[in-house]
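Subject: Structure for you to look at

Dear colleague,

I am passing on the structure we spoke about, and below it you will find a short account of what came out of it. Please read the account with the model open beside you.

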Amino acid sequence: MAAINRDDVAHLARLAHIEMSAEELDRMAGELAVIVDSVKSVSEAAGDDVPATSHPIPLSNVFREDVVGHTFTAEQALSGAPDSFEGRFKVPAILDED
Amino acid sequence: MTELNNSELIRLSAAQLAAKLAAREVTSVEVTQAYLDRIALVDGGADGIHAFLHVNAEEALAVAAEVDAIRAAGGAEAEALHELAGVPIAVKDLIVTIGQPTTAGSKILEGWHSPYDATVIKRLRAAKMPILGKTNLDEFAMGSSTEHSAYGPTRNPWDLDRIPGGSGGGSAAAVAAFEAPLALGTDTGGSIRQPGAVTGTVGMKPTYGAVSRYGAIAMASSLDQIGPVSRTVLDSALLQEVIGGHDPFDSTSLTDPFDTLVAAAKTGNVTGMKIGIIKELHGEGYQAGVENRFNESLELLKEAGAEIVEVSCPNFKYALGAYYLIMPSEVSSNLAKFDGVRYGLRVLPEDGPMTIERVMAATRAAGFGDEVKRRIILGTYALSAGYYDAYYGSAQKVRTLIQRDFDAAFAQADVLISPTAPTTAFKLGEKLDDPLAMYLNDVATIPANMAGIPGLSLPGGLADEDGLPVGIQLLAPAREDARLYRVGAVLESLLEEKWGGPLLDRAPVLGSSSTIAGGSN
């Protein structure tokens, strides 16, 4: 398995929408390399015949009646928003201006 | 009527408080005020425990007064009161509450108020239990020391220079320092049990789905579980019966009733039960004092008529690695919602175009701490194209192997036993620069989360070399939470007989004149 380097971390930080300084990228790359190295044995633990477990207690077809239950008012939904306008979340530009 | 002074009152267990309240020997207002006074005495200041991020005095006293009025009036309404009505409780600040801030220990949620209550909070309110406040935690429950809280660390009441465990260090320390008789925690890889172990308290991670997760801010959804924190095994059983049971708001909630837990804690014998020592979870890598206390508990259980067998779980050696792939993967997805749009912090970039993506990146950079960032990046890596099968896919297969190991072990034993953590509490700051060393602290608790089974940690005594608490972990098959309360209560009574009283009686006295009284906020 490939090691993780500074460029990988910079790419991952962009994907995860976290701005990182040069110093932070250096430090994070070093720390993550150690962690990734320590978990690599996991890929050799199980053969192809072992099924994956995504959920610890098997449950299937958890349904409810298709009726409207409790919902928030617009005011409640917006109560923690950093910015709102006329009953809506207000966000900065979605598209680049240039 | 028995006259108790406040320092005696706050040392009673929840079950003892409940009995005194029902007999009207004390009022809930007196009890609640005694705890608020204790919080004011020991929680704040430079040498304070700092278990609380928010103290909810006004509401707690109002609920207490309501319970007292109902009891005083008597009649059907008094009869219908829950057994724990009027017994106060603290809540980990990962669980959302109306009327109090919820921060998850993060700057990104500073000042945020939830517009809804978690299901467990609704159940506490229905039982009329006064909520004392919200307790400190590693940011978004990521850590084993509570040092990763954006609001500063919590101190261990046994030694103020040491960690109280994590992520639920606040809840465990509050209960250990007699700032609350009960607390709620959450456990993703050991965050209820490991703090219990290092603070000499009881912590229970119920079967996955036995307690609703609705309103617990999600860290890793397939591993997270809310559970009780207390000073006695019976108290945890009482609390789990309040908060547990099916909840249609959580689609992973089990329909089993889990209503025999208190009765199980009162069974009083382990005769003929088979208790399995997990070969891989003691010995090498475990502190000598931890190992000694563990062996002592085994002897006591044997003398009480249990049969001790040894089981092997060979795939546990992959558990920590698999956990550090699955958990961050789920973290990276769950924490994507903190984007500076719908709630919490919004930080604008200092220069350049003001697009939403740049605002998100600046907000998340400023709002998340290092440990959270590490896990988001690690999870994003484990889920990325080309690595998914090798990392996340392989880790999910390991999960199957761990479940198989448990199945085989439980074919030989009714419950399994191990130390809860390999060491006693480490010093504040000791592992801050070495994330991997901190992760190793959860080596014995993680397998239960991976398999969804219940785990209980109870005090096993003090390590000879440092005089700090050691935790004993009991594990049972999924849905068999009652077994843990049965064996746990028996072991607790055998140990207390040996010690001549509760372990916390041996903890140092807090609140000396050097401690500045006053809330933590």
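Two residues are taken to be in contact if their C-beta atoms, placed from the backbone, lie within 7 Å. On that basis, residues 24 or more positions apart account for 76% of the contacts in chain B with a separation of 6 or more.

The model is a predicted one, in which local features need pLDDT of at least 70 and side-chain atom pairs count only at pLDDT 80 or more, while totals for chains, interfaces and linings use all residues. Residues are numbered from 1 along each chain as its sequence is written, and chains are lettered from A and ligands numbered from 1 in the order in which they are written.

The C-alpha trace of chain B spans about 70 × 50 × 45 Å along its principal axes.

Turning to helix packing, helix α1 (residues 6-15) of chain A and helix α14 (residues 370-382) of chain B have axes that come within 9 Å and cross at roughly 95° (helices are DSSP runs of H or I, at least four residues, numbered from the N terminus; axes are lines fitted to C-alpha atoms over the stretch in contact, with angles from 0 to 180 degrees between N-to-C directions). The two helices α1(A) and α14(B) are therefore roughly perpendicular, a term for angles of 65 to 115 degrees. Val9(A), Leu12(A), Ala13(A) and Leu15(A) of α1(A) make this contact with Ile377(B), Thr380(B) and Tyr381(B) of α14(B).

Within chain B, helix α9 (residues 233-243) and helix α18 (residues 481-499) pack at an angle of about 155°, with their axes 9 Å apart, which makes α9(B) roughly antiparallel to α18(B), the term for angles over 145 degrees.

Definitions and conventions
Parallel < 35°, antiparallel > 145°, perpendicular 65-115°, else oblique.
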